[in-house]
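Q: Hi! Could you walk me through this one in plain words?

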Amino acid sequence: MENQPDDVSNIHNRFSLTLINPSSHYFSLVASLVIGAVITLTTYFAYLPELDFEQVWYRLPAIIAVLVLTQLLDTRFTKKREYSKSLHSSLFANMLWIVTMLFGLLASVVLVKETSLFFITLGMFLFASFRIGIYTTTLGASLKKAWAICFVQPMAMFLVLLPQDLWIPMLSDSLSLGYGISFLILASVWSFMTDRAGRPGMQSTHKTIQAYLASQGNDFSDAEEIMEDRSSETKVSTSQIRLSTSKGDKEFRMVLPEIHPGPYHPVGGSNIPYLIYKNLESSAMVMHSISDHALNLPSRNEVESYLENLENSKVKEEGLQCTEPVTVQINKSRVIGLLFGNNPLLFLSLSPHGMEDIPSYMKNEIEQYAKNRNYKKTMIVDCHNAMGEEISKEDGEDMLKAAKSCLDTLISKESYPIEYGYANSDDMDVWTEDLGMGGLGIVCLKINNKKYFLGWADANNMENGVREKIVENFAKRDCQLLEICTSDTHYQPVKARNKNGYYQLGLITGAEKLSKWFLEIARNAEASATSAKYEILENETSVKVMGQGIFEDYSKALDNSLKITKGFAIGGCVLFATSLFL
């Protein structure tokens, strides 16, 4: 389980290659038309300069018209009939054609030889070969179907581009046919091998890629079906601390679900923190417990099942008193703890240094240590408030020492009556690209006539140092902000085109604006503070979770596919290089 984040990170890095597509299909449309025009001009100014203007002028608008029509026709052959993917593939294929022609011109200059029409024909064959790869991997076509349609667009362009008397000589040239067929075979063999790269764990790498790409357009049914088929049923628990007034007219809950947000937006439980938040009438903080992607809910069906069962939570203990918070800092590691009755609540963080999800072995060791000290229910929050890699051995040891020291200190702390106030950003204009649908929240705890604030954001982690700047801004106003925790939501208000695949809190908004929002919410929370009792709620339910094996298989399949692709790419480049010397 400890190595599992490596698989998730590896998958994320591989799928980030999909970001090489232009963000807009309109860009691909315009760019492909421009390149089509450049192919035409290059043909008649560099390869066929002897032709008269009367034989050439109409071919430029004809190429553009044919390109548009064949792009529309291409959508009829794709699994989802997606125009945007047809445009993107057309752009890259046209780029391949013009690069081939330009290399042919460069070879003629460097090697001092005549310009050969061979490179126009070779470019057309490379265009068709590229289409075999694209249609089988991302557009859902079988290899047979890809062969049937791979020449539709390049051949149509070729026939419009060149005079009729050149068609047969250029297409029947043995050298052109030899190289062209070789590249078509290479593309076919590559497609066959990459589709089977994940076996036996994954039957079809291509179907998984297609499901992922479809889900990016909110068509997530295929992705969820694949993931749910590989998931297994297990029991997961959810702990809650419910604070409510003596009259019972208002309440607030801190929720620690054992499930993990994910796998990615909009699939499965990617937006589970917000859904829990709304289920609890927007008076909650849904924390990131110590869990990882193995505990992802794979589908909306499992999310609904989990939410329905959450209503069956049972009260395990209640009381009126809580200790003041205890903070223990050992090197980079910081642990803050409070004790509700005999139930410790711990907040673990490495901010501003950051880390990935805290591994489960640390949770097990802390819980066992607490049990040995006769604590009842130990609740542990992964603050998830700074970006970083998987926790190092040294930092992990420091964090365990800090957690144990915090537990030891809490035993001797005196308890006091609790007052609490809660407020959130629901009535504020705080929409931003680095914040999820749950917005921001603050709970104010008044213990022993001292006020402590705890901040929460429905966000996927935080920019390093942002937490510290906000805490500092609170301190300037004599307010003690203990922590800011994020939910680790995988919901994305907008698609982030960066290596992370999301915008962490503070990257777009900035610490000063966040401080302003949090301070306003804190004032509202403080103003509503009133005497309260606490209740410890527990829930256990059976749901399907993705488990570790699925990520190992996906990671292996993508790694193998990339290795195969690199090998074929090198072979293809060597084969192309030989053509330059002929």
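A: Happy to! This is a predicted model, where local features need pLDDT of at least 70, side-chain atom pairs count only at pLDDT 80 or more, and totals for chains, interfaces and linings use all residues. Residues are numbered from 1 along each chain as its sequence is written, and side-chain values use heavy atoms, with hydrogens and water left out.

Q: Okay, at what angle do H4 and H5 cross?

A: Helix H4 (residues 83-110) and helix H5 (residues 118-137) cross at roughly 150 degrees, and their axes come within 8 Å. Helices here are DSSP runs of H or I with at least four residues, strands are E runs of at least two, and both are numbered from the N terminus. Axes are lines fitted to C-alpha atoms, for helices over the stretch in contact, and angles run from 0 to 180 degrees between N-to-C directions.

Q: And how is H4 oriented relative to H5?

A: That angle makes H4 roughly antiparallel to H5. The cut-offs are under 35 degrees for roughly parallel, over 145 for roughly antiparallel, 65 to 115 for roughly perpendicular, and oblique for the rest.

Q: Which residues make the contact?

A: Among them are Phe92, Trp97 and Met101 of H4, and Phe119, Phe127 and Ile134 of H5. Contact means heavy atoms within 4.5 Å. By class, the contact of H4 with H5 has 13 nonpolar, 5 polar and no charged residues. Nonpolar covers Ala, Val, Leu, Ile, Met, Phe, Trp, Tyr, Cys and Pro; charged covers Asp, Glu, Lys and Arg; the others, Gly among them, are polar.

Q: What about H2 and H4, what's the angle there?

A: H2 and H4 pack at about 25 degrees, with axes 8 Å apart, and are therefore roughly parallel to each other. By class, their contact has 16 nonpolar, 10 polar and no charged residues.

Q: Let's zoom in on Thr42. Buried or exposed?

A: Thr42 is buried, at 12% relative accessible area. Buried means under 20%, exposed over 50%, and partly exposed in between (1.4 Å probe, protein chains only). Thr42 sits in helix H2 (residues 25-47).

Q: Which residues does Thr42 touch?

A: Not counting residues up to four places away in sequence, Thr42 touches Tyr47, Ile98, Met101 and Leu105. Its side chain also reaches the backbone oxygen of Val38 at 2.7 Å.

Q: Switching topic: how do H10 and H11 pack?

A: Helix H10 (residues 205-215) and helix H11 (residues 221-230) pack at about 130 degrees, with axes 7 Å apart. They are therefore oblique to each other. The contact involves Lys207, Thr208, Ala211 and Ser215 of H10, plus Asp222, Ala223 and Ile226 of H11.

Q: Where is Glu367, and what does it contact?

A: Glu367 is in helix H14 (residues 360-372). Leaving aside neighbours within four places in sequence, Glu367 is in contact with Thr378 and Ile380. At 27% relative accessibility, Glu367 counts as partly exposed.

Definitions and conventions
A polar contact is a pair of N or O atoms within 3.5 Å; within protein, one must be able to donate a hydrogen and the other to accept it, and residues adjacent in sequence count only if both atoms are side-chain atoms.
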